[in-house]
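Subject: Structure handover

Hello,

Here is the structure for you to look through. Please open it first, then read my notes below.

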Amino acid sequence: MQTTKKEQARITKTISRTRAYWQSRLGAAFRTALACTIIGFVTLFSPVVLQKEVAFPALSYVTVILVVTEATLGDTLQSCWHALLATCQGAVPAFLILWLLGPARHSITASVLAVTFTSFAVMLPESTHLICKRIALAQIVILYSVTSVKGVHTKVFMHPVHVVASTGVGAFAALLALVFPYPRLASYEVRKNCLVFKENFSRRLNLFVNAFCAENKTSALASISQAKSLGRTGTTLIQNIKIKQKSMQWEKPLNRLTKQYDMNPTDRFQALEIPLKGIEIALTSSTSFPVRVGDQELKSLLFTLKEQTNLHLNQASHASPSCTSAVPETNRKEVLPKLFLQPPHTINFLTRNDLPSFFFLFCMKLLHDESMISQSADSTNKPGTNIQESMQKQYQCTKKLFMISNLVRRISTKRLIYAAKCSGSLGLAVLFGMIFNEENGFWAGLTVGVGMAGGREATYKIANNKAQGTVLGTIYGLLACFVFTRHLVFRFLSLIPWIMFASFLRRSRMYDQAGAVSAVIAALIMLGRKNYGPPSEFAIVRITEAFIGLSCSIMLEILLQPTRASTMARGGISKSLKLLYEFVESIDFCIDSGNKSKMFLKELNEKENKLRVSINELCNFIAEAGVEPNFWFIPFHGVCYGKLLGSLSKMVDVMHFATQAIGLLVQEAHKFGATWVILQQLIGEDLQLFRKLVNSSVQCIEKVTSVASLEKLEKELESKNISCDVESGQSVANGSEFNVLISENEEALEKVLSSFVKHTRELVDESHGFEGDDPDKIKSQLVLCLSALGFWIDCLMKETREIEKSVQELVQWDNPTSHINMSEIYFKINALHTHNKEQHTVLD
């Protein structure tokens, strides 16, 4: 009976998710279809006077697709504002430009130059929203392309007015569609997603605690697997909340209910995700179940604490962030010491295999810390928060002082290249498009302008998706025109099922958003207008113009940004390893309390953040490289890069907890008394050997990955007659010899970790002189922090070995005919570097 109830609950939840998905897709399709219907009525069936004013219905449709698709009321209000700004950038300057050119100078050359320079001015500012830029580029293309067709018959004043009117009709239709029959509020979407996230978080926490307390490995792994699946949903929910909460500001004057809810829940949810991620890492790193430290009393306390956390989380959803925890503080204070005083009773039996269990308890402690749960309201209890705040203030002051110089530097390099690439591709698209077909040449420029990206993207994949979407939409429109040749109304109504189909197409991996938008626009241009000639001829011209535009975009991308994503990914690996080296080298306990400790924690936080940013960039490069064509290059080894990314991501995740543990120890150093001096000496020695072992390997891997070709390296060594000793492949450090690679130092690794665990036991057993009202609590905190640090050491050494294997595989992939010995390559690189350095010294 119980199994049947669980199965029924699972089926009910599946049906609910499916229903919610269909509702969201059909809702977005309905509002898009409604907005397009409004435009169709104005441009096809309204009085002739009004139709003449809205002379460019294609621009109206483009505006609607850019504004209304999956938007909330706040998004639409913001996009309407961007449409107004786009008009100021695109149409308003056209009055002056067209007047200066004069009717006699309206030619293809003049149009191309006007498009190129005005689009350059639009794309140069970094602060302008992408929707604003796309609408402005669409206006620019139509404004100057049509003038070369009409020539002397172009009306200098009325032509821009018609462009403005067409844009305005599109923005108004989008706004009306988002209000009727009821407004789709971003605040409602955020509240709904928040409730779903809290339920998701509670389920994951329950599953993780159940896994920790499981009596066998099968049950534990099943709970962990289910929680990981829910974790992907939780990440998506946070992303959706983050996107929608920006739109809540635009709805604030219209929606009084938003004042009763947290306007920025993302920070609080991300703070919850951090310790939960640590709990997941701890459980996946456990080698056996049931865990050795999990006695019945500990399990009972964990279940109690789990229930309190869920109650805290659910009650927080009905209160503003300024409210305090609804969980009774007395109960919480009773449970926490009982739970986290358990480790000292089992510390005498602590082994390397027990580190994941103690790390689990450390993360549970972080999760139940009140400052972590209510971080958006009060983060003052979190270690390092005050340091981060002071860092932020210093950064803002520095930013203000050097704002002008930084702005000039950014404009002179990255932004100039980006703006030149965008404007150049748009100008070439208009040029070649009008050479092919002067009357319809602007479609090539419109294809480029509407799909312009805000930064680096997977150019080939996006172009492929746009081309396929354009062809699909055009063919659908052509077939609809054939079926409803003499029925304009039915021909227009045939757009509705296509818009619904495209709303599902947006979520597909094959077409993505770019392909779906191109498919909708292509069908709208065919079915939502009239008087454009035979549909079959126009369809061929439209597809050809789209191909011209995409080809120009790809050509400029290759010329101005020739570096392939696979090369950027290789460089991203080297950069991340270099930052990893710097972080590990900074880990130390030989610091004093006070300002020096604050600066130390500040430095750790900065280096951790830099490494996380570098890994995020690497993730983007790998994703882009995975979909770019190989051409004549070596195929991209996506599996190997995926392993490297996974190892680096796990490293930086655990680094956060190592920083937390060190921060807690440094913060409470004054309470440890004489134990702190012993801790600095014993643990400091272990960390010193650990740094040399890990960083020796990391430095070797970093230098090996920075070599583009082993063949070129060998030729350079031969040309300069350089020889190097690679007999043993060893380096000398700290008076004792060990191999460069960590995988060749198994005995040293075991020695480091065994020594660390042994010293942790000794520190707890021999600790005395704790200052404070609760010495047992201080001892418990010491155990958990040192265990977290030990788990980080173990995790870092394991992942470094995995990185060595992956890099070995990657170098072998790039050099299939060579025998790969990374130690030899490393010493050859060092020999070449030393030779070059000596040559420079002699020349000086």
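Helices (H or I, at least four residues) and strands (E, at least two) are DSSP runs, numbered from the N terminus. Asp-512 sits in one of these, helix H23 (residues 512-527).

Some ground rules. This is a predicted model, in which local features need pLDDT of at least 70 and side-chain atom pairs count only at pLDDT 80 or more, while totals for chains, interfaces and linings use all residues. Residues are numbered from 1 along each chain as its sequence is written, and side-chain values use heavy atoms, with hydrogens and water left out.

Back to Asp-512. Its phi is positive, about 60 degrees, although the residue is not a glycine. Asp-512 is partly exposed, because its relative accessible area is 33% (buried means under 20%, exposed over 50%, partly exposed in between, with a 1.4 Å probe and protein chains only).

Now the whole chain. The protein chain has 33 helices and two strands. Of its 844 residues, 52% count as buried. The accessible surface is about 39,800 Å², and 59% of that belongs to carbon and sulfur atoms. Those areas come from the Shrake-Rupley method with a 1.4 Å probe; for residues, only the protein chains shown count as cover. Residues 24 or more positions apart account for 84% of them.

Next, helix packing. Two packed helices are described by the angle between their axes and the distance between the axes. Axes are lines fitted to C-alpha atoms, for helices over the stretch in contact, and angles run from 0 to 180 degrees between N-to-C directions. Angles under 35 degrees count as roughly parallel, over 145 as roughly antiparallel, 65 to 115 as roughly perpendicular and the rest as oblique.

Start with helix H25 (residues 565-586) and helix H27 (residues 638-667). They pack at about 25 degrees, with axes 12 Å apart. So H25 is roughly parallel to H27. Their contact has 10 nonpolar, three polar and one charged residues. (Ala, Val, Leu, Ile, Met, Phe, Trp, Tyr, Cys and Pro count as nonpolar, Asp, Glu, Lys and Arg as charged, and the others, Gly among them, as polar.) Residues of H25 in this contact include Arg-570 and Ile-573; those of H27 include Tyr-641 and Met-651.

H27 also packs against helix H15 (residues 355-367), at about 75 degrees and with axes 12 Å apart. H15 and H27 are therefore roughly perpendicular. Phe-359, Phe-362, Cys-363 and Leu-366 of H15 meet Phe-657, Gln-660, Ala-661 and Leu-664 of H27. Seven of these residues are nonpolar, one is polar and none is charged.

What is the angle between helix H4 (residues 73-90) and helix H10 (residues 217-251)? It is about 75 degrees, with axes 7 Å apart. H4 and H10 are therefore roughly perpendicular. Their contact divides into four nonpolar, three polar and three charged residues.

Two more spots to check. The peptide bond from Phe-180 to Pro-181 is cis, with omega near -5 degrees. Pro-181 lies in the loop between helix H8 (158-179) and helix H9 (186-212).

Phe-621 belongs to helix H26 (residues 595-625). Phe-621 is buried, because its relative accessible area is 16%. Beyond its neighbours within four places in sequence, Phe-621 touches Arg-456, Ala-565, Met-568 and Ala-569. The C-alpha atoms of Phe-621 and Arg-570 are 9.0 Å apart, though 51 residues separate the two along the chain.

Best wishes

Methods
Contact means heavy atoms within 4.5 Å.
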